[in-house]
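Dear colleague,

Please find the structure below, with the sequence. My notes on it follow, starting with the pocket.

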Amino acid sequence: MMVDLGASHAVLVETDRAGSPPMPARTIEAVIGRGLSGNISGNVGRFARLDWCGFSFEDVVTSFTGEYASGMDDTTVQRNGTLGGDILSRFTLILDYKGGKIFLKKNSRYRRPFEFNLSGLDLIATEPDWRTVVVSGVIAHSPADEAGVLAGDFIISVNGVPVGSLSLGRINSLMHSKPDRKITLKISREHQVMKKTFRLRRMI
């Protein structure tokens with residue numbers, strides 16, 4: 001596994017690599033990231049247990065895709081996936097590049113539960129000021145889907161707070177926060193303003 005300091009996921013498995021672990025029986029289809037060539041599609045499930053560097057994690061949200069390094073063969077990509085920020089953020093981390101070592105110390109986030117997108121919304125910020133937030137996708141049968149939110153909707157406010165005063169990261173953190181939290185969105189669709197309300201829940 002490659003340690004990826006820039007990735008937000010906990011674990012990503014490249015399903016097209018020899019020796020990669022299989023997907024769990026229960027997964028959902030989702031956009032799991034974005035690269036230079038566009039969206040990266042795949043499945044999201046949970047590993048019952050992950051052991052790494054003497055530490056153990058349970059019920060770990062894991063992404064699975066064959067698109068992460070498409071076009072590159074096993075001789076150039078010598079990995080089965082990546083460990084990202086949702087694992088690494090649980091440690092105070094020191095990388096000794098010269099010595100080829102990694103030093104880890106648990107921090108206050110270590111025992112935080114692993115959560116995937118609890119709303120089903122995939123959001124992007126757009127130009128010119130990157131303060132305009134648009135729904136780029138909605139996971140089928142998710143809380144947002146059931147509330148009637150559609151791809152292409154513009155988000156005006158979240159729980160009464162205008163999106164102009166919220167970063168995209170802050171909005172996404174709210175959508176990942178905890179099951180049963182009530183979310184009220186004011187949206188604009190084809191010049192009509194409407195409200196959509198739902199409660200966050202686990203889909204995996």
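Strand S3 (28-35) gives the most to the lining of the largest pocket, with seven residues. Strands here are DSSP runs of E with at least two residues, helices are runs of H or I with at least four, and both are numbered from the N terminus. On a 1 Å grid over the protein atoms alone, a pocket is an open set of points where a 1.4 Å probe fits, with protein on both sides within 12 Å along at least five of seven lines; a lining residue has an atom within 4 Å of a point.

This is a predicted model, in which local features need pLDDT of at least 70 and side-chain atom pairs count only at pLDDT 80 or more, while totals for chains, interfaces and linings use all residues. Residues are numbered from 1 along each chain as its sequence is written, and side-chain values use heavy atoms, with hydrogens and water left out.

The pocket

The volume of the largest pocket is about 1400 Å³, taken as the space filled by probe spheres set on grid points that are joined across faces, edges and corners. Its lining has 48 residues, and those nearest the centre are Ser-8, His-9, Ile-32, Phe-116 and His-176. Besides S3, at least two lining residues each come from S2 (11-14), S4 (38-52), S5 (55-65), S9 (121-126), S10 (132-138) and helix H3 (168-175). By class, 21 lining residues are nonpolar, 18 polar and nine charged. Nonpolar covers Ala, Val, Leu, Ile, Met, Phe, Trp, Tyr, Cys and Pro; charged covers Asp, Glu, Lys and Arg; the others, Gly among them, are polar.

His-9 lies in the loop between strand S1 (2-3) and S2. His-9 counts as buried because its relative accessibility is 13%; buried means under 20% relative accessible area, exposed over 50%, and partly exposed in between (1.4 Å probe, protein chains only). The side chains of His-9 and Thr-82 are joined by a polar contact of 2.7 Å. A polar contact is a pair of N or O atoms within 3.5 Å; within protein, one must be able to donate a hydrogen and the other to accept it, and residues adjacent in sequence count only if both atoms are side-chain atoms. Neighbours within four places in sequence aside, His-9 is in contact (heavy atoms within 4.5 Å) with Ser-63, Thr-82, Gly-84, Gly-85, Asp-86 and Ile-87.

The cores

In soluble globular proteins, nonpolar side chains tend to be buried together. A nonpolar core here is a set of buried Ala, Val, Leu, Ile, Met, Phe, Trp, Tyr and Cys residues joined through side-chain atoms within 4.5 Å. The largest core has 28 residues, of which Val-11, Val-44, Phe-57, Ile-87, Phe-91 and Phe-116 touch the most other members. S2, S3, S4, S5 and helix H1 (85-88) each supply at least two residues of this core. Another core, of 20 residues, lies apart from it and includes Val-149, Val-163, Leu-174 and Leu-185.

Phe-116 is also one of the residues nearest the centre of the largest pocket. Not counting residues up to four places away in sequence, Phe-116 touches Ile-28, Ala-30, Val-44, Arg-46, Val-61, Ile-139, His-176 and Ile-204.

A buried aspartate

Asp-153 is in the loop between helix H2 (143-147) and strand S11 (154-158). Asp-153 counts as buried, because its relative accessibility is 1%. A polar contact of 2.7 Å links its side chain to that of Arg-189. With neighbours within four places in sequence left aside, Asp-153 is in contact with Val-133, Val-134, Val-135, Ile-187, Ser-188 and Arg-189.

Backbone geometry

Most residues other than glycine have a negative phi, and most peptide bonds are trans. The peptide bond from Glu-127 to Pro-128 is cis, with omega near 10°, and Pro-128 sits in the loop between S9 and S10. Asp-59, in strand S5, is not a glycine but has a positive phi of about 60°. Asp-59 is partly exposed, with a relative accessible area of 34%. Glu-190 has a positive phi near 50° and lies in the loop between S13 (182-189) and strand S14 (192-199). Glu-190 is exposed, with a relative accessible area of 74%.

Regards
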